[in-house]
Amino acid sequence: MAVLVRSRTSLPLLERAFRARGVPYVLRRGQSFFNRLEVRDLYHALRLALLEGPPGPEERRSLLAFLRSPFVGLDLGEVEEALLREDPLPYLPQAVRDRVAWLRGLAGKRPLEALKALVRDEVFLSRLSPRARANLDALLLLAGLERFPDLEALLEWLRLRALDPEASELPEGGEGVALLTVHAAKGLEWPVVAVYDVARGEPGPASPVLVGPEGEVAVAGTRAHRDLAQRLAQAQREEAVRLLYVALSRARDVLLVTGSRSGRESPWAQALERLGLGPESQDPLVARHPVPQGWRPPRPAPAARREGPPAPYAEHLLPPKPLPLVHSPSAHLKAEPKPLAEALEGEAVSGFARALGTLVHYALARDLDPEDGRAMRALLHQEVAFPFAEEERERLLAEVRALLRRYRGMLGRELPALEARAEDYRELPLVLPLKGTVWHGVLDRVYRVGDRWYLDDYKTDREVRPEAYRLQLALYRRALLEAWGVRAEARLVYLRAGRVHAFGEAELEEALAALPS
């Protein structure tokens, strides 16, 4: 069942009523149907069906989308080298080239046949959720109402519909009665539909300056303003009636309509009267459920009246407390003053060092093999590597590979081997409110060997200065203790030096105690 409303402002009233009655419901805010991933996958596949010769920039985008879609399901690293070529197709695996050839064979079919062949592809369907498969059935129904002279017309229809989200909203799934606007219900159907509050009035064009459909401008107090206000109000009433038709046509079996009489009837109430569906309807298919005589909607209980004079503190205002500072431990470290020469020197190398640290941490979190050339080259597709010239990118990649090799050499010696870890967590986000500041960051690695927990923070620094990171590790350890109740050994892993520095619990607590309150 669905309950349809004209405006979202009606939803809180319904929510309160449903909660009071214990009725499960779901608010369906919707997402553009034609922008859903499964529909976009079909769009890109159809574009490839029309491809002749090497792909241009737009076709390359569709090719990449197709390769990563459920039709093929390749990882970016598997197609990176091919996409660097002017014509990627000859460099793709044979199975992929066969799929592209199958696509091109669809270009000779009628548009709806081509679309149906894609929607019914077994590989594609097997990788979709039941919801996504239902969406594709709906797409076939919508496309079947159109007339496409060729495949290009079908593609243009998909493109333009994706630009009109309101006209093609499809609600998200959920359990319970669906609560949504009439706009969001377009193209959908339920066995039972209730249209709520049809007597809701239309807001009039009360603006002191009105702009008409032809661009004319009218200011309040003029005849032109009054005339334009009447025209806009009439157009609004006509649009309201069209919207009413959408609302009334969503029910398959039973339609419920609620409203109330008022001195100023709404366009919906007037239209229902003209259709013979008002309160006086004699249609045998219309069952009326009049409100009991004398019934009034419940009103909130009045506030208790205060007797006697107000309290002496009633005039005192309590100023709101300021929001706490939000800080990261690493930013706290960088905020420390430095000599000018050192600061300028650090600024020159910070971009390369930042990119290096980002790529190394990304690779460590995924346990990438430094000898896997394809995985290493794929690292350069990270955004942090884009600003660098080709020579710098090669140097960046070489340093990443060297640090990963050093890390691999530490496993089983300075660091527990991966297979010895009973639990292993990578890149855990943290938020820790402490002493008036909200600290946030990322724990590089948290793992357990036997009954012992470790918290490792990787460093690519050239100098080994553990004291510079004592507060950072103290905050990380405290966050882990408060979230999981785990007392971990906090350690710095210096990848260049191949060293591990473990902090003692006392020195970490001392660092926290030194924080100003």
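What is the handedness of the crossing of α2 and α3? The crossing is left-handed, as the first of these close-up views of a predicted model shows.

**Figure 1. Helices α2 and α3 and their contact in the predicted model.** Two packed helices are described by the angle between their axes and the distance between the axes. The axes of α2 and helix α3 (residues 57-68) come within 9 Å and cross at roughly 125 degrees. The two helices are therefore oblique to each other, and their crossing is left-handed. On the α2 side, the contact is made by Asp-41, His-44, Ala-45, Arg-47 and Leu-48. On the α3 side, Glu-58, Glu-59, Ser-62, Leu-63, Ala-65 and Phe-66 take part. Sorted by class, the contact of α2 with α3 contains five nonpolar, two polar and four charged residues.

**Figure 2. Helices α2 and α6 and their contact.** Helix α2 (residues 37-49) also meets helix α6 (residues 111-119), with axes that come within 11 Å and cross at roughly 125 degrees. That angle makes α2 oblique to α6. The crossing of α2 and α6 is right-handed. Leu-42, Ala-45 and Leu-46 of α2 are in contact with Ala-114, Leu-115, Leu-118 and Val-119 of α6. The residues of this contact comprise seven nonpolar, no polar and no charged.

**Figure 3. Helix α1 and its buried residues.** Within helix α1 (residues 11-21), the buried residues are Leu-11, Leu-14, Glu-15 and Phe-18. Seen down the axis of α1, these residues fall within an arc of 100 degrees, so they line one face of the helix. The strands against which the buried residues of α1 pack are β1 (2-5), β2 (25-27) and β5 (177-181). Gly-22 follows α1 and has a positive phi, near 70 degrees.

**Figure 4. Helix α11 and the elements around its buried residues.** In helix α11 (residues 267-274), Pro-267, Trp-268, Ala-269, Ala-271 and Leu-272 are buried. Packing against these buried residues are β6 (190-195), α10 (223-248) and β9 (251-257). Helix α11 is followed by Gly-276, and phi of this glycine is positive, near 75 degrees.

**Figure 5. Glu-427 and Lys-435, two residues with positive phi.** Glu-427 belongs to strand β11 (residues 423-434). Its phi is near 50 degrees, a positive value in a residue other than glycine. With a relative accessible area of 34%, Glu-427 is partly exposed. Lys-435 is located in the loop between β11 and β12 (437-449). For Lys-435, phi is near 55 degrees, which is again positive in a residue other than glycine. Lys-435 has a relative accessibility of 32% and counts as partly exposed.

**Figure 6. Ala-468 and Ser-330, separated along the chain by 138 residues.** The loop between β13 (452-459) and α16 (470-484) contains Ala-468. Is Ala-468 buried or exposed? Ala-468 is buried, because its relative accessible area is 19% and the buried class lies under 20%. The C-alpha atoms of Ala-468 and Ser-330 are separated by 9.7 Å, although the two residues are 138 residues apart along the chain.

Note on methods: Residues numbered from 1 in each chain as written. Predicted model: local features only at pLDDT ≥ 70, side-chain atom pairs only at ≥ 80, totals over all residues. Heavy atoms only, no water. Buried < 20%, exposed > 50% of the residue type's maximum accessible area, 1.4 Å probe, protein only. Helix = DSSP H or I, 4+ residues; strand = E, 2+ residues; numbered from the N terminus. Contact = heavy atoms within 4.5 Å. Arc of directions from axis to C-beta. Axes fitted to C-alpha atoms, helices over the stretch in contact; angles between N-to-C directions. Parallel < 35°, antiparallel > 145°, perpendicular 65-115°, else oblique. Left-handed = near helix turned anticlockwise from the far one by under 90°. Nonpolar A, V, L, I, M, F, W, Y, C, P; charged D, E, K, R; others polar.
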